[in-house]
Amino acid sequence: MSEATDEGGAAVGKGRSDDDYFSSYEDVQIHRLMVGDTPRTQAYADAINKNKHLFEGKVAMDVGAGTGILSLFMAAAGAKKVYAVEASGTAALIERVARDNGFSHVIQVFHDRVENITLPGGDEEKVDVLVSEWMGFYLLHESMLNSVICARERFLADDGIMFPSEANIFACPCSLQTMYREQINFWDNVYGFNMSAVSDYALKSKLTKPEVHDVKESDLLAQPTCIKKFNLRWVTEEEIQLFSTTTFVGINRPGAYQGICLWFECSFDGRQYNEEGEELGTVVTLSTSPSSPPTHWKQTVVVFGYASENTSHQHPTTPHDKNVNTKLPTGTDKIHEEKVNICQKETTATVSNCTESCKLKTSRDENRVETSGAENDTIPVKISSPKSQKMSNNTTHNNNDNNMTNNSDNTTRTNANNTTRTNANNMNLVEKDEVVGWKLTLNQSSDNIRHYTMTVEMLDPDIEEHPIPCYCPIPRCLIITNMMEKEMEDGDIIDCT
Ligand SMILES: C[S@@+](CC[C@H](N)C(=O)[O-])C[C@H]1O[C@@H](n2cnc3c(N)ncnc32)[C@H](O)[C@@H]1O
C-alpha cells in the first residue's frame, strides 16, 4: 500500500485530503451521466446477467457503488449478499434504493473508503466476486484502480472473480482536422477581423494538455494498437505507477498526423466449467474506441502542435522540444467540456527541457462551477523531438488544402530518408505505408496518485529499436510477428503481454 493508508488508503495523495474528490461525486449530474451512458451501464448489466453463475448464492462487493446500480444488478442476479462500498454521501441513497427495490436484506451499504472498512465477518471474511466501475480517461486517470487493487487484496477470495477482468489501453495516430478547424482556425477570420492571436492562444492550450474528444473512426490513420494489458486479478500498484510503451505502426490512411488518440477496452470474462465439464458464461466487452458507440469517456488525445510563427518565440527550441504541464478535468472527470479551458502561463522550465508550464481551469459543464477537487488535478504532457524528424516553423510552403486558412502557420518536415515535405497549418502529413513511432510513458505522481504525468516522445522508425512483436509493416517486424503468431497458434509460446 502507498504512503497514505492512514488517511484513507492508496487513493489519498501526500499532503492533500481526498475529500474534494469524493464530494465531487456527490453531484447527481455525474451519476446521471454515468448511469445514462448506455454502452457503459449495459456492459455491466450484460456482464452480470450473462454470467449469473458467478453471482447466484454468492457474496459480492461493489467498490465505489455510487448510486447503487451495479449492486442492484448483482442482487437481481441472485447474489446472497452485496457489500456496496461508497465513500461519498451518495451512500445514503443506496440504502434507500436498495429498500425501494426490495433488496435491503441483500445489499449492505458501507459509507466509507473501501480501504477503511471491515466486513461483518472480520478479516477472515472474503467475497466471491468484486465488481467496480473504476475507469477514468485513458483508463488510469483518477487512479481509482489503486483502491480496487487494495480491495481485491483484502477482500477477494483466492478463487474470486474480478469484474472487469481485463483492461487494455489502445493507441493510434490520428488526424484532428475538425478540432483545428472548429477550435483553432475559427479565430482566423471572425466577422472579417483577424483574431489569430486567439487561435495561437487556443492552440497553445491544446498542446499543453491531453484533450478529451470524440474522435471519429475516419480520423484514425493506422490500425489501432493495444499498448498495455492489465489482468485485473493480478495487476499490482507498482505496475500502474510507471510504465512506458514503444509503438511503431504503418499508416493506412494518409493524412495530417496531429496527435495520438488513446482509449481503453475492458472485458468481463465469466467463463467457467461446471462439474459436468460444461462451459458456463461468456465474455462481455466494453469498448471506448472511436469505432464503438460513444461513451462519456470519449477518447483522450495528445495533440501535436507545430507552433506557428506567432508563437515561436515561446518555443526556444524546435516545436517538439517541449515539456508542459497540463490538466484534465477530473476528480470525477466523468463530465468534461473542453469549452472552458483557460490557459494561464504560470512558470517556466521546471525540468531540464521544459519550456513552459500551464495550469488549465476546467469545468465539467459551462453552466456549473468547477469543484476545488478538479482545480488541483494536473496531467503533464511532454512531447520530445523525434530523433531525426526535425520540425521547423519558419519555412514557406504551398500545401494549403484541408480547409485551413492560416497561411502563417507553416512547417517543414525532414524525415529520416532526407526527403522534405512541407506542411501547413499544424499539419504533419503522413503517407500510406509510412511507419511512425512513439514512446508513451505514464507516471503516477508520488505527491498525489490521482495525477499521472503523460510523456510522448516521437521516435524515428529507422533508428529506434522496434518492440517484439511489432505491428508495423517493416519486413523484419512482419516476419518476426508472423512467426510469433504462428508459434502461438501451435502452442509453442505463450502470450504473456
Ligand atoms: C465511477 S463512479 C461509479 C459509480 C457506480 N458504481 C456506477 O457504476 O454508476 C465511482 C464511485 O466510486 C467511489 N469511490 C472512489 N474511490 C472509492 C474508494 N476508495 N472507496 C469507496 N468509494 C470510492 C466514488 O465516490 C464514486 O461514487
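User: Among contacts in the protein between residues at least 6 apart in sequence, what percentage join residues at least 24 apart?

Analyst: First, a heads-up: this is a predicted model, where local features need pLDDT of at least 70, side-chain atom pairs count only at pLDDT 80 or more, and totals for chains, interfaces and linings use all residues. Residues are numbered from 1 along each chain as its sequence is written. Two residues are in contact if their C-beta atoms, placed from the backbone, lie within 7 Å. Of the contacts between residues at least 6 apart, the share joining residues at least 24 apart is 75%.

User: Why does D18 count as buried?

Analyst: Buried means that 20 or more other C-beta atoms, placed from the backbone, lie within 10 Å of the residue's own. D18 counts as buried because its C-beta neighbours inside 10 Å number 22.

User: Which residue is 432 residues from D18 in sequence, and 9.4 Å away in space, C-alpha to C-alpha?

Analyst: D18 itself sits in the segment before α1 (19–24); helices are DSSP runs of H or I, at least four residues, and strands are runs of E, at least two, numbered from the N terminus. The residue 432 positions away in sequence but 9.4 Å away C-alpha to C-alpha is R450.

Methods: Buried ≥ 20, exposed ≤ 12 C-beta atoms within 10 Å, placed from the backbone.
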